Amino acid sequence: MGAAQLGFSGGEPLVRQDLEQLIAEARKLGYYTNLITSGIGLSAERIAAFREAGLDHIQVSFQASDEEVNNMLAGSKKAFQQKLKIAREVKAQGYPMVLNFVTHKHNIDQIDRIIELCVELGADYVELATCQYYGWAYENREQLLPTRAQLERAERITNEYRETLKAEGNPIRLIFVTPDYYEERPKKCMNGWGEIFLTVTPDGTALPCHSARMLPIEFPNVKQQSIEAIWNASNGFNHFRGDEWMQEPCRSCDEKEKDHGGCRCQAYLMTGDMNAADPVCAKSPDHHLIEAARASAEAEHPATAITYRNERNSRVFARSG
């Protein structure tokens, strides 16, 4: 079918005891393979096993450059030091060092410290990705959404580092990803729903994006249908192809081919209607929801704990104000 890359992501893919076997099979089929991991539970021996199986690329994710905050979010007192160790080991075994930092209101002002840590580690690629507000991030949006000033400062500092590092001959690549809450036009949903991406969950459900399971759509399963049938014929993958599903203002919009109405999960999460225009769009009748979130980010709020998925991690790591 023309697929070229097979990625192992999560959740945490390291919990799969058969990961080496999956990597080896992917290599056998001719795929370029990549692993996105927290690094927790990873060892030099298992990295070597992945390399032997044919893994092409490893990305290690950090929660913060600050050890205390990183450990609090990761739910482990040893998480930060483990991540540092694994990042160095990944590079020592010949992989490019690819790091991901999720930024938000409580750590984005330390963007310079985050970049300095990446330089210190000898990173090759760094994704500075501002939190995207789905799932638990949406539940905690009031505590996580940076102000416009914070974002602008962080992007300016990132650009300054790019220039300085380039002048010094450092080839590190810094990728800065802003939340679409501060845009007036939405992003094209997964570069187009059912156009380039298919994810298979541990139970075999096939999805056109990681978050699609929240939508009131019945998605197919690889245990019951072939990938080809799922991609070409299933309702789940055809649901938002084309523009017949679109409502106004999307249906008559002269920019609909650029963004396809925006993110379906975000539209559903914020409006309750998966066919609605993504509220990020200034043309959406629900754009006021985005404007309200921006205004809330600027305001001071009473101290509120971050809500965690796991009860054992339900504790305050930062307070607003």
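**Close-up views of a predicted model**

**View 1. Thr205 lies in the loop between strand 7 (199-200) and strand 8.** The structure is a predicted model, in which local features need pLDDT of at least 70 and side-chain atom pairs count only at pLDDT 80 or more, while totals for chains, interfaces and linings use all residues. Residues are numbered from 1 along each chain as its sequence is written, and side-chain values use heavy atoms, with hydrogens and water left out. Strands (E, at least two residues) and helices (H or I, at least four) are DSSP runs numbered from the N terminus. Thr205 is buried, at a relative accessible area of 9% (buried: under 20%; 1.4 Å probe, protein chains only). Beyond its neighbours within four places in sequence, Thr205 contacts Thr199, Val200, Arg213, Phe219, Pro220 and Asn221 (contact: heavy atoms within 4.5 Å).

**View 2. Helix 5 (residues 111-121) packs with helix 8 (residues 148-167) at an angle of about 30°, their axes being 9 Å apart.** Helix 5 is therefore roughly parallel to helix 8 (angles under 35 degrees; axes are lines fitted to C-alpha atoms over the stretch in contact, and angles run from 0 to 180 degrees between N-to-C directions). Ile111, Asp112, Ile115, Glu116 and Val119 of helix 5 meet Ala154, Ile157, Thr158, Tyr161 and Leu165 of helix 8 in this contact.

**View 3. Residues 311-321 have pLDDT under 50 throughout.** This score is the predictor's confidence in each residue, from 0 to 100. For residues 311-321 the model has 27 contacts beyond four places in sequence. The chain averages a pLDDT of 89.

Terms used. Parallel < 35°, antiparallel > 145°, perpendicular 65-115°, else oblique. Buried < 20%, exposed > 50% of the residue type's maximum accessible area, 1.4 Å probe, protein only.
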